[in-house]
Amino acid sequence: MANLIDIKGVTHAYRTKAGPLPVLRDLNIAVPEGEFCAVVGPSGCGKSTLTRLVAGLMKPDTGEVWLHGELVKSPRKTVGMAFQNPVMLEWRTILQNVILPLEIVAPSMPRAKKEARAMELLEMVGLAGFENKTPSQLSGGMRQRASLCRAIVHKPDVLIMDEPFGALDNFTREDLWQTMRDLRAKEPFTCVLITHDLRESVFLGDQVIVLSGRPATTQYVMDVTLPADRTLDILYTPEVADMLHILRDQIRIAQGRDGAVH
Amino acid sequence: MDNLQKFAVPLGAILGFLLLWEGIVWVNDWPNYVMASPSDLPAAYIRFWPLFLEMGWQTLWRTIAGLALAVVFGTFLGMMMGFSRIARDALYPLLVGFNAIPKATLVPVLALLFIGQHDFNTVLMAFLISFFPIAVSVGIGLSTLEPEYRDILRSLGASKITIFRKIALPKTLPEFFGALKVSVTLAFIGTNLVEIVSPHGRGLGALFKSGETNGDYPLMFAVLIALAFLGIVLYYGVVALEKTFAGWAERPAH
C-alpha cells in the first residue's frame, strides 16, 4: 500500500433529535506519503468530521480509514492537529506549549531534549526570543505559528489542519503559507488541510480535493503541478488563475448552483 | 508610589468609614445601649483581649475546616456535573433547592442530629453553606471546555486523567478561585450562625451572644469588627493563592 492515508468508502451520519443527519457519503481520499492534500468544499459539508475521522477521534458508520497500512480504530500518537483556534494553554509559556505533545508521546525523553526540539521549530517559524512569553503576549499570527510547532513537535506521520489560518488577516495568512512551505522543506510530513480559501489550497497543496455539499463525497480532484518552492507571485500567473477558475466552478456545483449563475 | 497607593487607598477608605460611623452616632447623640461608636471599641478590646484571641481562633479554624471540606466536596460535585450530562441534570435541581433553604433552619436539625458536637456542627454548617458556588463554577468551567482543547491531547492517545490534569484542571482554576472568594465569606456566616444560635457555643459568635445578654453593646460591635477583620484576612489569603496558582488569567494592565 503506497498511500499513507487511505479513506475508503466512508459514510457517516450524526444522530440528531430530528433524525440522522448524513454528513459523509462514500468518501474516498488517498494521500501518498509526504504529500500535501488540501480539502475544500461548501460550508457545513462535513470537512471537520473528516479531520476527526483521520485523527481517530471518531469511527465512521461504514467504510474504512487507513493510516500507514493500519486500520484506524482509536486515537494514535502519530498525528498532529492544528485548528482555527490556536488552543494555546494560557498558563504555560510558548515553549511549554510546544512541548505538550512530547509530554504525552515521549514521557521519558529528558526535558532538555524536549526543549531543544521545541526551540528548533520555534526558530524555524520565526518565534526565537518569544519562547518564554505567555500566549496572551503574542499576536494571533504568532500564536498560530506556535500552534503549528506544537502540531509537529513529535514528528507525526500526519498533520491534520482544520482551517488553521481562517481567523487571520490576509497578509498574516500569506506569511503563514510561506512558513508552512518552508517547514515542509525542512520537516517532511504528510498533511491534510481543510480550508475555505482556494488560493491557499493551490499554494500549499499537491492535490486539491473538492467535496460536494452535505452529505459530502469526493466531487473533484485536482493535481497541482506547480514546483515545490512556490512563491506568492505564482498565484498571479495565468496557469494558477485557470486552476482557481476550475475550482471556483466546482465549488459552485458543490453548492448546488448552476455554473451560469453568478 | 504604586505600593503606597495600594495600602493607602483601602486604609483611607476604612478610616473614612469609621469617621462617618462615629459622626452619625455623635450627631444623633445615641447612647451606648442603642448604638456603639468606634471610639468605644478599644476599651472593649482591651478588656476582653484574651477572649478575643481564644474565640477568634476557634471561629477561624472552624471556618477554614468547613471551607476545606467545601473545596473537596464542591470540586468533586463540580467534576461530576462537568463531565456527565446525567449527573448535571440530576444534581442541579437538588443543589439549587438545597441552596435556597435558609441555613438558619438547619441549625436545630443539626443540633438534634449531633447533640453536643459543637465543633462538628459548626464546621458542618460552614461547609453546607459554602460548597454550592464551588460546585457550580467548577461544573461550568469543565463543561464549557472547548472541544479542541480535549482533541489536542485525545488525538495523541492521552488518557482522561491526563487530559484532566494537564488541561481541564488548570483551565478551571480561575473560575474555582472566583467561587472560593464568595465561599470564604459564606463560610464565616455559617460558622457564626451556629456559634450564635446554639446554647453554650464557642467562638466569636458566642462572644457576640454574651455581649447581647449582658447589654454590652461596645463588645458586640467589637466582635463584628473582629469578624470583618478575619473575613478580610481569609479573603486576601485566597487572593494570594489565586495569584500563585492562577495568576496567568490576569491580563496585564495597559
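**Labels and their grounds**

Modeller: Start with helix 3 (residues 111–124) of chain A: its 14 residues should span 20 Å at 1.5 Å a residue, and its end C-alpha atoms are 20 Å apart, which agrees. The expected span is 1.5 Å times one less than the number of residues. Helices are DSSP runs (H or I, at least four residues), and strands are DSSP runs too (E, at least two), numbered from the N terminus. This is a predicted model, where local features need pLDDT of at least 70 and side-chain atom pairs 80 or more, while totals for chains, interfaces and linings use all residues. Residues are numbered from 1 along each chain as written, and chains are lettered from A and ligands numbered from 1 in the order written.

Colleague: Which residues of helix 3 of chain A are called buried?

Modeller: Lys114(A), Ala118(A), Leu121(A) and Leu122(A). Buried takes 20 or more other C-beta atoms within 10 Å of a residue's own; exposed takes 12 or fewer; partly exposed is in between; C-beta atoms are placed from the backbone.

Colleague: Why say that they line one face of helix 3 of chain A?

Modeller: Down the axis, the buried residues fall within an arc of 100° (taken from the directions from the helix axis to the C-beta atoms), so they line one face. On the other side, Ala112(A), Lys113(A) and Ala116(A) are exposed.
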